[in-house]
Amino acid sequence: MTFAARTLRAFALLGGGLLALTISLHAQRITSDRILHASAEPQNWLTHNGDYSSQHYSLLTQITPANVANLESKWVVQDEVFGAWQTSPIVVDGIMYITQRPNDVKAVDARTGRVFWEYRYQGAPDARVCCGANNRGVAILGDTLYMGTLDAHLVALDAKNGKALWNVPVADVRLAYSITLAPLIVHDKVIVGVGGGEYGIRGFIAAYDPNDGKEIWKFYTVPAAGEPGSDTWHGDDWKSGGGSVWVTGSYDPATNLTFWGIGNPGPDWNPAQRPGDNLYTDSVVALDADTGQLKWHFQFTPNDGNDYDSVQVPVLADIDWQGRPTKVMMWANRNGYFYVLDRTTGKFLLGTPFVKVNWTSGLDADGRPNATPQGPGLPTYPGNQGGTNWFPPSFSPRTGLFYFAAWENYGSIYRREQATYQPGRNFSGGGPAVVTPVPGAPGVGIGRRAAINNWTDAVGNGAIIAMDPKTGQPKWKVEEYDVTEAGITTTASDLLLTGGREGYFQAFDARTGKLLWKASLGGQIVMAPVTFAVNGKQYVSVVAGHTLVTFGLRD
Amino acid sequence: MSVWFINIGMNRCLWIAPPLVAAVVVFAGQPLAVGAQTDHSYTSQDIQLGAGLYTAQCATCHGATGDTVAGVNLRRGQFRKPMSDDDIRQTITRGVPDAGMPPFTFQPSELTGLVAYIRAGFDVANVPVWIGDAVRGRALFEGKGQCGACHRVAGKGPRTAPDLSDIGSQRNPQQLARSLTDPSSQMMPINRPVEIVMKDGKTIKGRRLNEDTYTVQIIDDQERLLSLDKSDIRTLDVSKTSTMPAASKTLTPDEVADLLGYLVTLKGQL
């Protein structure tokens with residue numbers, strides 16, 4: 001079923017009454033068919049990115065531009081573990097499942113926030129993650145939840161009581177493999193990828209049997225010697241070539257392809273140490289969901305030296321492309337370019353910069369960049385955190401626009417060093433220098449900081465960009481004073497919901513970018529909001545700092 | 001006058017320049033024995049090693065400039081409680097579970113490098129600067145230098161320019177030296193002077209304390225804390241030029257060194 005057809009079906013279902021729909025689905029198991037048609041039951045948020053298309057778009061329309069100002073806080077859940085909270089909940093028939101670091105899970109009443117059960121995973125003490133002990137969420141199939149862990153295990157939990165059903169190692173924690181992403185369920189498989197791109201791992205994506213965790217297929221994101229693509233590596237470089245996978249992929253039922261973004265090569269900042277294009281790092285790969293076989297790939301940044309992980313969410317849509325209905329994939333990349341690809345073939349259709357870029361002078365007809373590396377001590381744009389990053393974008397079929405958060409006017413100066421691989425040890429080959437392109441200004445760190453924005457817009461600013469995928473040009477843009485890691489969710493009432501480091505939770509008109517409402521939540525908003533309904537009432541949940549706040553219309 | 005060349009990157013004058021100092025020297029107003037520093041005599045190789053490790057392992061949470069965890073500023077040596085070098089090593093290896101910091105596994109030499117880098121104020125350059133006499137420096141601060149006309153120290157003086165009570169902890173001597181010779185170069189972007197014209201025509205001058213998409217917080221020239229909605233503001237001009245004259249224009253090099261000698265003693269302790 002095409003996305004358009006699914007949309008129509010969902011509207012038809014909604015016409016029958018949201019309340020009735022909610023009741024009829026209660027107590028039903030989450031079958032793979034329900035996941036396949038997740039957008040047709042908008043009262044739920046069944047998968048990490050809402051549905052297989054990862055559009056972060058909801059058909060719920062109870063909250064509108066006209067009444068969004070009547071939103072009020074209904075309940076709050078506090079994170080009980082200190083540290084940045086990057087989780088994105090799923091909502092299943094009135095139950096919300098939330099993770100908190102390192103690998104705890106909670107089941108709460110999505111209407112009140114009251115907790116049904118908690119699960120606390122006891123992971124290996126020697127787990128290593130470069131960038132925070134994050135977990136971004138769980139997946140569900142049947143009555144079972146699935147979670148990847150920081151020590152690179154895959155755990156199955158009973159969704160009714162939080163008890164572990166099985167626990168299998170996915171990779172060797174001593175080599176600094178980890179899992180921070182939410183798994184993706186495709187039919188009868190649980191698919192995950194591994195982190196560890198700063199530790200010289202050899203990344204992979206793998207599918208497991210949901211019944212017992214047995215591995216079904218595995219795709220290495222860095223080919224071994226002799227395999228297709230291995231000619232983009234020299235010698236044994238591939239063995240520590242990185243290619244981590246730490247953001248959940250997408251799935252196209254029409255082609256049975258699952259799409260995943262691949263992270264940086266190793267060592268991160270010394271491309272001279274690993275000559276060649278370094279496939280499939282900084283690429284998107286299209287895998288047969290049944291076999292894991294590579295069908296196509298597109299590399300955004302060959303021989304990357306700026307940590308431009310391509311771990312953004314692959315957003316799928318069927319749009320009119322130059323007069324023809326086309327199955328596309330839209331991708332705002334960390335390297336500062338916005339891309340449109342034909343997702344059936346991987347063909348490059350469009351690529352335009354959306355922020356200041358100087359690592360390349362442009363793309364050729366196939367989308368390959370002409371690299372223009374900057375000299376020692378000179379800033380590279382976009383900077384280390386990229387023009388955008390892992391936080392989910394959104395696509396609204398109603399507006400035809402692709403929405404994402406960007407870091408503008410932001411550059412980094414790098415050190416490049418020879419790195420020696422030691423198993424499980426850091427393998428970065430340099431990094432951002434302390435000095436910034438702006439004299440006297442501090443650099444921007446990942447994650448939370450004190451309440452003072454002491455880098456100011458002199459170092460960089462955030463933006464919400466509404467990109468027209470047909471032209472590669474923004475239809476509108478809203479600037480934020482501070483940079484932002486907030487994901488975006490849009491709805492069929494043309495609302496755009498997002499936040500930022502400043503802690504404002506904001507609703508914009510998705511067609512114009514006009515600010516409709518905001519609330520100061522007092523903590524950095526990362527990830528994207530989710531929206532759902534219980535007993536016919538629509539809610540919106542967003543994580544800010546150490547709180548998950550759920551809003552609903554005033555009664 | 002007695003002056004010493006010190007390695008400010010290390011902030012460890014006592015071992016870097018032993019030929020220049022006697023067995024006992026005066027630093028920060030307190031006599032210190034040379035031997036007291038021998039346990040922490042880091043090399044430039046240590047700092048270089050620490051710089052690489054820091055960027056790879058620590059900067060993601062602590063930030064490139066070490067100030068992104070609340071209450072901690074590694075570059076400036078600020079912690080939630082007093083930390084010896086051994087305390088830092090222990091914190092790295094044990095982690096801070098309550099704060100979400102995991103334990104890290106490092107070789108002893110790597111730990112030494114990290115501590116060296118932190119203690120060096122993230123400065124791998126090791127450029128020596130000239131530190132003069134703190135007592136004379138204080139007299140210059142309050143007198144000829146006219147610093148006290150705008151800056152406040154330990155509850156004395158106006159608040160319109162940044163309070164310098166703990167500037168010796170906030171900035172290393174090299175940065176302070178640059179502040180005295182080229183004030184604009186060291187002015188934090190957030191601290192820039194602002195001139196705001198409100199939509200009702202009122203003009204407000206002051207110094208910016210914080211800013212976001214919708215609001216700006218300042219201390220005005222009447223020392224009032226103001227939080228203004230940008231929707232009420234007609235123009236917001238932020239100057240990149242410090243209003244402070246370069247001390248090197250009005251003071252002799254010896255006097256600048258003395259003034260610096262005073263500033264490095266300002267650690268904020270009351």
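1. Is strand β37 (residues 547-553) of chain A mostly covered or mostly uncovered? Five of the seven residues of β37(A) are buried, and the strand is thus mostly covered; a residue is buried if 20 or more other C-beta atoms, placed from the backbone, lie within 10 Å of its own, exposed if 12 or fewer, and partly exposed in between. Strands are DSSP runs of E of at least two residues, and helices runs of H or I of at least four, numbered from the N terminus.

2. The model is predicted, with local features needing pLDDT of at least 70 and side-chain atom pairs counting only at pLDDT 80 or more, while totals for chains, interfaces and linings use all residues. Residues are numbered from 1 along each chain as its sequence is written, and chains are lettered from A and ligands numbered from 1 in the order in which they are written.

3. β37(A) runs antiparallel to β2(A), to which seven bridges join it, and Gly552(A) is the bridge partner of Glu72(A). Strand β36 (residues 537-544) of chain A also pairs with β37(A) in the antiparallel sense, over six bridges, where pairing requires that DSSP find at least two bridges between two strands. Val542(A) stands opposite Val549(A), and in the hairpin of β36(A) and β37(A), with two residues between the strands, Gly545(A) takes a positive phi near 60°.

4. Val81(A) lies in the loop between β2 (71-78) and β3 (90-92) of chain A, and is partly exposed because 16 other C-beta atoms lie within 10 Å.

5. Chain A as a whole has four helices and 37 strands, and 60% of its 555 residues count as buried.
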